[in-house]
Amino acid sequence: MLGAGRPWREPQGEHMEISKRSVGDVTIFDLEGKLTIGKGDVALRDALVAEVEGGGKTIIINLDKVTTIDSSGLGELIRSKVTATSHQAEVKLLHVNIKARKLLTMAQLVGVFEMFDDEELAVASFSE
């Protein structure tokens, strides 16, 4: 289980770290490393499922320190959105870099996610 401010580490290496923090009622997952097959995708899935099953309803995935995203990582972002929706929760993305935006554009998924470059605006968007 994720504790506030304590990173969850993938057991087979340091390919992805996820830190969980809260701003009001909003949970923010700060990802760092590679969001790729078998490493980051599993870590993100586990963190998100634990959050929504624990009652979390407003979630931001911060991609600011993600160095690599592959098709599995992209798929996991989509799965995160679907999983959250099935639990009446919302997921939004923060600090999506140029490469990730290109991947989302090529996959015609830009409109699927609300994306923000400013954390305060992302947090405030849940109360609109």
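The exercises below concern a predicted model of one protein chain.

**Exercise 1. Determine where model confidence is lowest and highest among the elements of the protein chain.**

Solution. Start with the average: the protein chain has a mean pLDDT of 86, and 89% of the residues score at least 70.

**Exercise 2. Classify T58 as buried or exposed, and find its contacts.**

Solution. T58 belongs to strand 4 (residues 58-69). Its relative accessibility is 16%. The cut-off for buried is under 20%, so T58 counts as buried. Leaving out residues up to four places away in sequence, T58 touches D25, V26, T27, E90 and F126. For D25, the backbone oxygen lies 2.8 Å from a polar side-chain atom of T58. As for F126, K92 lies over the face of its ring, 4.3 Å from the ring centre.

**Exercise 3. Compare the salt bridges E51 with K20 and E76 with R79.**

Solution. The count of salt bridges is seven. In the pair E51 and K20, the closest N and O atoms are 2.8 Å apart. This pair links distant parts of the chain, helix 1 (residues 40-53) and strand 2 (residues 16-23), 31 residues apart. E76 and R79 meet at 3.2 Å, N to O; both lie in helix 2 (residues 71-86), three residues apart. On accessibility, E51 is buried at 9% and E76 is buried at 2%, whereas R79 is partly exposed at 44%.

Methods:
Residues are numbered from 1 along each chain as its sequence is written. This is a predicted model: local features need pLDDT of at least 70, side-chain atom pairs count only at pLDDT 80 or more; totals for chains, interfaces and linings use all residues. Side-chain values use heavy atoms; hydrogens and water are left out. A charge sits over a ring if NZ of Lys or CZ of Arg is within 6 Å of the ring centre and within 35 degrees of the ring normal. pLDDT is the predictor's confidence in each residue, from 0 to 100. Helices (H or I, at least four residues) and strands (E, at least two) are DSSP runs, numbered from the N terminus. Buried means under 20% relative accessible area, exposed over 50%, partly exposed in between (1.4 Å probe, protein chains only). A polar contact is a pair of N or O atoms within 3.5 Å; within protein, one must be able to donate a hydrogen and the other to accept it, and residues adjacent in sequence count only if both atoms are side-chain atoms. Contact means heavy atoms within 4.5 Å. A salt bridge is a side-chain nitrogen of Lys or Arg within 4 Å of a carboxyl oxygen of Asp or Glu.
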